[in-house]
Amino acid sequence: MPAALLGLAANATPASPVPGVSLSNELATWIIAISILVSTIISILAFFGVAQGIQLGIWKAQIESKLRILEGYVNEVREKARGMLREAGAREPDAVIARTIDYFVVEPVSIEPTDITKRLERVLRTEEEQIERVVRAALPPGVSEERLHNIVTVLGIANALNTLYKFLRHMLLLGIKTKNAMLVAQLWMMLPFYMRIAKAYRDATDTIEKGLPIGDAAGPLAAYRLAERLRTLTPSTEIVKDTVFSVHEYEGRRVYLVRARGPGSTVGRPGEAVERVIREVVKEPLAAIVTIDAALKFEGEDTGLVAEGSGVAMGDPGPEKIRIERLAVSLGVPLHAIAIKMGFEEAITTMKKEVVDGVEKAIETALRVIREAAQPGEAVVVVGVGNTIGVGLPGPRR
Amino acid sequence: MDAWLAAYVSLAAASATAAAAAAAASRRVMRPKRLVERLRCTRCGYVVYREPSRGDYVGLVLEEPRCPVCGGALVVDAIYEESAEPLSGLLFRRREGSKKT
């Protein structure tokens, strides 16, 4: 019947059981007819969202496979934290992990902006102090502050990865539950970025466990190198929690160096430290505040590139940075910034040689800025911003 | 005859795909990295390189080893990661993230 309809019976062979229709022609006709029927059905079903459903299924399978990898990262970091706690002699490491892995921070009210940075500072400090208190309570007496800070950082990474995993799983399940293909599609498109961040965090734990410098330690390393290079008048002294300052002399100018106390994993409180150094220690006329920090590079830029700018080079959520900005405004002091460029992964994993070379260039830039900004007899505050893991304090001038 | 031709064409397409995948995988080969600790003599400035030991940090003054030149104390000057690609790799491949050949 289809052959006749398609007009394929013209070259019929005598072998055909049906007079006027060959066997091969009949088979081809049936195949074509079924193909047309199937494609018509699929086209009709496509209007009812079947194609989207198939696509959703493919996205779901791919997201699930990535989530399994992410879950593996969470378990891996959790095990690492447990190992570090056990090695330090902690009582009930599992209880410490259980208490810290789901710890959350509630942002302050932002519709009333008055004092929002102070409120944010209070919330962030509460988090920092609380996690440290929980870990310290579990550790035996005599465990060094450096070790404590490293454990707290690994617990923080476990918390971040756990939150990321739960968030992505939530979005996937919500998308499937509400049959929202766009939600799943967005998740699928953004997943490579999330996985990149997750992998960088996972890799960072190896470095932190060993106590080696990470890329973000470029700022404190620059401060360390400057302290070594300049004549020291006052050695490193703690001025606020986990943050030190030292006084140096450079071609008749006073240089006040501020940085986090190493070699444990901490960023200190640079804003508060600068505020106190300027208010309580600096006696000379203040000519400038210089911040040196690791900064995220653009794709295509070389790692270790040093750039100069103005403002406060600091990656904090705001409270520390605003202290320096307010102080500079009230004193009318210029703010100079020096950035050592690197990728996100490079900032939180073991420091690369290119970054070490960049630190050397940043020091030259800092010295030039000091010479240009301050006259002999004036003072400059230089801040080495960043996580100081693996970078200790310089000893007496050698 | 046509069926054989179709089979050959399919086989050729599959082989080409596999070859392209293998070439892409070889381009993604992991570059070996190594950790380096730079030690500097506090007396004469002589520089020594080694692999970092657990607990080492920048600024740590070591009791042992001593400077091979003057016997002064060595201080950890830098700890970093660098590419440890074999020389053959450097000669025949572009370095990762570098414009140099």
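# Exercises on a two-chain model

Chain B has 2 helices and 4 strands; helices (H or I, at least four residues) and strands (E, at least two) are DSSP runs, numbered from the N terminus. This is a predicted model, in which local features need pLDDT of at least 70, side-chain atom pairs count only at pLDDT 80 or more, and totals for chains, interfaces and linings use all residues. Residues are numbered from 1 along each chain as its sequence is written, chains are lettered from A and ligands numbered from 1 in the order in which they are written, and side-chain values use heavy atoms, with hydrogens and water left out.

## Exercise 1: chain B

Describe the pattern, the burial and the surface of chain B.

Solution. 

1. Read chain B along its sequence: the pattern is α-β-β-β-β-α.
2. Take burial next. Buried means under 20% relative accessible area, exposed over 50%, and partly exposed in between (1.4 Å probe, protein chains only). Of the 101 residues of chain B, 27% count as buried.
3. Turn to contacts, meaning heavy atoms within 4.5 Å. Among those in chain B between residues at least 6 apart in sequence, 48% join residues at least 24 apart.
4. Finish with the surface. Chain B has an accessible surface of about 7,000 Å², and 60% of that belongs to carbon and sulfur atoms. Accessible areas come from the Shrake-Rupley method with a 1.4 Å probe; for residues, only the protein chains shown count as cover.

## Exercise 2: the interface

Work out how many residues of chain A and chain B are in contact, and which helix of chain A supplies the largest share of the side that touches chain B.

Solution. 

1. Count the residues: 23 of chain A are in contact with 22 of chain B.
2. Consider the area. The size of an interface is often given as the accessible area lost when the parts come together. Buried area is that loss for two parts (1.4 Å probe), summed over both. Between chain A and chain B, about 1,700 Å² is buried, and carbon and sulfur atoms give 52% of it.
3. Look for charge pairs. A salt bridge is a side-chain nitrogen of Lys or Arg within 4 Å of a carboxyl oxygen of Asp or Glu. The rule finds 4 salt bridges across the interface of chain A and chain B. Asp77(B) and Arg225(A) meet in a salt bridge through their side chains (3.4 Å, N to O).
4. Helix 7 (181-210), helix 8 (218-229) and helix 12 (353-373) of chain A each supply at least two residues of the side that touches chain B. Helix 8 of chain A gives the largest share, 4 residues.

## Exercise 3: a nonpolar patch

Find which helix of chain A gives the largest share of the nonpolar patch, and decide whether Phe48(A) is buried or exposed.

Solution. 

1. Set the rule. Patches are made of residues with over 30% relative accessible area and no salt bridge: like charges are joined within 9 Å, nonpolar side chains (Val, Leu, Ile, Met, Phe, Trp, Tyr) within 5 Å.
2. List the members: Leu37(A), Ile41(A), Ile44(A), Leu45(A), Phe47(A), Phe48(A), Val50(A), Ile54(A) and Ile58(A). Together they have about 930 Å² of accessible area.
3. Assign them. Helix 2 (23-47) and helix 3 (50-87) of chain A each supply at least two residues of the patch. The largest share, 5 residues, comes from helix 2 of chain A.
4. Locate Phe48(A): the loop between helix 2 and helix 3 of chain A. Phe48(A) counts as exposed because its relative accessibility is 65%.

## Exercise 4: salt bridges and a buried threonine

Compare the exposure of Glu79(A) and Arg82(A), then examine Thr100(A).

Solution. 

1. Start with the total: 43 salt bridges over all chains.
2. Take one in helix 3. The side chains of Glu79(A) and Arg82(A) meet at 2.1 Å, N to O. About one helical turn separates them, because they are 3 residues apart in helix 3 of chain A. Glu79(A) is partly exposed at 45% relative accessibility, whereas Arg82(A) is buried at 15%.
3. Take one in helix 12. Lys353(A) and Asp357(A) form a salt bridge, with their closest N and O atoms 3.5 Å apart. Both lie in helix 12 of chain A, 4 residues apart, about one turn of the helix.
4. Move to Thr100(A), in helix 4 (residues 93-101) of chain A. With a relative accessible area of 3%, Thr100(A) is buried. Not counting residues up to four places away in sequence, Thr100(A) touches Ile131(A), Val134(A), Leu155(A) and Asn159(A).
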